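User: Please take a close look at one part of this model, the side chains packed inside it. Tell me what each one touches and where it lies.

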Amino acid sequence: MDQVPEGFRRDASGDLRRVENISVLDLMRDELVSNIIKDAAELHKLLGKFKEKAFAEIDAFIQVSAAEYKKKWGGKKGNLKLASFDGQFQVHRANHDYMSFDERLLIAKEIILECARDWVGRPGVPSELVILVEGHFRLNKNGEVSVSEVMRLMQYQIDDPRWKEAMVILKASITVQATVTYLRLYERIGSSDKYKQISLDISGV
């Protein structure tokens with residue numbers, strides 16, 4: 001965007017307006033919002049540096065701990081929990097995989113629904129079974145199948161070759177889009193065995 005000449009401000013429409021023609025309240029609001037965003041940007045940078053430093057120190061400690069047992073640590077970063085000696089504080093590092101399904105989900109869905117339709121009418125099998133099964137494949141507001149709902153379906157152990165085949169296909173259809181590593185900090189509540197999280201939302205940094 002072109003540089004704004006001295007004595008002018010650019011409004012939300014992109015037009016230049018003389019400062020003397022802008023109300024005091026509008027100027028005060030502009031200064032308030034700009035200052036808050038400026039402070040937030042600095043805090044964002046600090047959180048980013050803190051997160052990077054914390055993860056590096058955790059990795060370094062794991063290397064030292066592994067060396068104690070003459071082992072070399074490497075590979076994917078797993079979940080772990082570290083506690084202070086007095087148990088007052090805890091540091092948790094956790095990974096979360098953002099998953100989706102490829103086209104094989106549709107194949108598995110048809111096999112699962114075929115099973116459900118065949119089972120309906122058998123003694124003890126409710127007629128609503130098909131509707132219940134279809135519910136696990138319902139699209140969310142983003143037009144996607146809920147990963148958690150499908151994973152719940154995969155927990156059922158059913159002794160039917162078709163069902164087992166569908167579960168194999170479902171498992172193969174899972175793709176990991178991204179893995180996000182979280183850092184969560186906790187402090188013990190008094191002398192109890194409960195902990196409260198020290199709120200630092202740094203997952204998006």
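Analyst: Leu-200 lies in the segment after strand 6 (195–198); strands are DSSP runs of E with at least two residues, helices are H or I runs of at least four, and both are numbered from the N terminus. This is a predicted model, in which local features need pLDDT of at least 70 and side-chain atom pairs need pLDDT 80 or more, while totals for chains, interfaces and linings use all residues. Residues are numbered from 1 along each chain as its sequence is written, and side-chain values use heavy atoms, with hydrogens and water left out.

Leu-200 is partly exposed, at 35% relative accessibility. Here buried means under 20% relative accessible area, exposed means over 50%, and partly exposed is in between (1.4 Å probe, protein chains only). Setting aside residues up to four places away in sequence, Leu-200 touches Leu-47, Phe-50 and Leu-185; contact means heavy atoms within 4.5 Å. Leu-200 and Ala-40 are 160 residues apart in sequence. Their C-alpha atoms are 13 Å apart in space.

Helix 1 comes next. Helix 1 covers residues 24–68 and holds Lys-51. The relative accessible area of Lys-51 is 12%, so this lysine counts as buried. Lys-51 and Val-120 are 69 residues apart along the chain. Between their C-alpha atoms the separation is 53 Å.

A search of the whole structure finds one aromatic pair. The rings of Trp-119 and Trp-163 have centres 5.8 Å apart and planes at 35 degrees, so the pair is tilted. Rings of Phe, Tyr and Trp (its six-membered ring) pair with centres within 6.5 Å; planes under 30 degrees apart are stacked, over 60 edge-to-face, the rest tilted. Trp-119 belongs to helix 2 (residues 104–119) and Trp-163 to helix 5 (residues 161–173), so the pair ties together parts 44 residues apart in sequence. Both Trp-119 and Trp-163 are buried.

Trp-163 also takes part in a helix contact. On the helix 4 side, Val-150, Leu-153 and Met-154 meet helix 5. On the helix 5 side, the partners are Trp-163, Met-167, Leu-170 and Lys-171. Helix 4 (residues 147–154) packs against helix 5 at an angle of about 145 degrees. The axes of helix 4 and helix 5 are 10 Å apart. Axes are lines fitted to C-alpha atoms over the stretch in contact, and angles run from 0 to 180 degrees between N-to-C directions.

Further along helix 5 sits Ser-173. Ser-173 has a relative accessible area of 0%, so it is buried. Ser-173 touches Ser-100, Phe-101, Asp-102, Arg-104 and Leu-105, not counting residues up to four places away in sequence.

Phe-137 is found in the loop between helix 3 (129–135) and helix 4. With a relative accessible area of 5%, Phe-137 is buried. Leaving aside neighbours within four places in sequence, Phe-137 is in contact with Leu-105, Lys-109, Ile-112, Val-145, Val-150 and Leu-153. Val-150 and Leu-153 also belong to the contact of helix 4 with helix 5. Phe-137 and Asp-11 are 126 residues apart in sequence. They lie 47 Å apart in space, C-alpha to C-alpha.

His-136 counts as buried, at 9% relative accessibility. Its contacts, leaving aside neighbours within four places in sequence, are Val-145, Ser-146, Glu-149, Val-150, Arg-152, Leu-153 and Tyr-156. Among them, Val-145, Val-150 and Leu-153 also touch Phe-137.

For contrast, take Glu-6. Glu-6 is placed in the segment before strand 1 (8–10). Glu-6 counts as exposed, at 80% relative accessibility. Glu-6 and Arg-18 are twelve residues apart along the chain. Their C-alpha atoms are separated by 9.1 Å.
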